[in-house]
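Welcome, and thanks for taking a look at this model with us. Please have the sequence and the coordinates to hand as you read.

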Amino acid sequence: MNMKWLVRSQSMVTLASGMIYPYYLLFLKNLGNSFSKYGLAFAVFTISSAAASQWLAPRMDRYARQWLILSSLGMAGTMIAFPWITTYIWVLLLQMIMGLCNAMQRMSERVLLADFTEPGKRGKVIGNYHFWTSAASGFAVIIGGLLIDWLTIDVLFYLSAVLYVWGSLAVWRSIQLPVKDHR
């Protein structure tokens, strides 16, 4: 069982999302002056993620690694696009794309965790996985906070995009690794 590539790639993805997410409100504040707009944007994200999961579900077992790559590249694209948008309607469109990418990422991650663990022996491996991705999330917020004092929020979006691409490269490199079938 080799979970190192999954831990590394998803720690990068968690770092990328955690670095920008707390400061996302600042970005939206520049496009509008209401928290209800933030609420709507987040609802569009979660609802599109839920809807996408229904379409993705039957395709997950066979294409989980490919969906994981595509989700990171899609998120990188949205991070690059965010600083360039000037209207709230584009925020909503990007939120839909991010919802789709979120569904691909979360579902792929879970399918691969199941593929790389054995029933009855999953707890320790999943605990290790959760530790590293959660630690990456915590460090991301700290790093984002330090960087935003010196850089603009636009640069933070671009750095996040770079980390998403890095995460997708880690998954791409893993395509050569065989997937164990424990069924």
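## Ground rules

Helices here are DSSP runs of H or I with at least four residues, and strands are runs of E with at least two, numbered from the N terminus. This is a predicted model, in which local features need pLDDT of at least 70 and side-chain atom pairs count only at pLDDT 80 or more, while totals for chains, interfaces and linings use all residues. Residues are numbered from 1 along each chain as its sequence is written, and side-chain values use heavy atoms, with hydrogens and water left out.

V44 has its place in helix α3. With 18% relative accessibility, V44 counts as buried (under 20% relative accessible area; exposed is over 50%, partly exposed in between, with a 1.4 Å probe and protein chains only). Leaving aside residues up to four places away in sequence, V44 touches L92, Q95 and M96, where contact means heavy atoms within 4.5 Å. V44 and G99 are 55 residues apart in sequence, with their C-alpha atoms 7.5 Å apart in space.

In helix α6 you will find G144, which is buried with a relative accessible area of 0%. Not counting residues up to four places away in sequence, G144 touches M19, Y23 and L156. From G144 to F45 there are 99 residues in sequence and 22 Å in space, C-alpha to C-alpha.

E109 sits in helix α5 and, at 8% relative accessibility, counts as buried. Its touching partners, not counting residues up to four places away in sequence, are L6, Q10, L68 and Y129.

## How α1 packs against α7

Axes are lines fitted to C-alpha atoms, for helices over the stretch in contact, and angles between N-to-C directions run from 0 to 180 degrees. Helix α1 (residues 4-20) and helix α7 (residues 153-174) have axes that come within 8 Å and cross at roughly 165 degrees. The two are therefore roughly antiparallel (over 145 degrees; under 35 is roughly parallel, 65 to 115 roughly perpendicular and the rest oblique). The crossing of α1 past α7 is left-handed, a term for a near helix turned anticlockwise from the far one by less than a right angle, with clockwise being right-handed.

Among the contact residues are W5, V13 and I20 of α1 and F157, L163 and W166 of α7. The contact of α1 with α7 divides into 16 nonpolar, 6 polar and no charged residues. Here Ala, Val, Leu, Ile, Met, Phe, Trp, Tyr, Cys and Pro count as nonpolar, Asp, Glu, Lys and Arg as charged, and the others, Gly among them, as polar.

The axes of α1 and α6 come within 7 Å and cross at roughly 30 degrees, in a right-handed crossing. Contact residues include L6, V7 and Q10 of α1 and Y129, W132 and G144 of α6.

For α1 and α4, the axes come within 12 Å and cross at roughly 25 degrees, which makes α1 roughly parallel to α4. This crossing of α1 and α4 is left-handed. W5, L6, Q10, V13 and I20 in α1 meet R65, L68, S72 and M79 in α4, and the contact has 6 nonpolar, 2 polar and 1 charged residues.

## The nonpolar core

A nonpolar core is a set of buried Ala, Val, Leu, Ile, Met, Phe, Trp, Tyr and Cys residues joined through side-chain atoms within 4.5 Å. The largest one has 53 residues, and L6, L56, M79, F82, V91 and F157 have the most contacts inside it. α5 gives the most to this core, with 12 residues.
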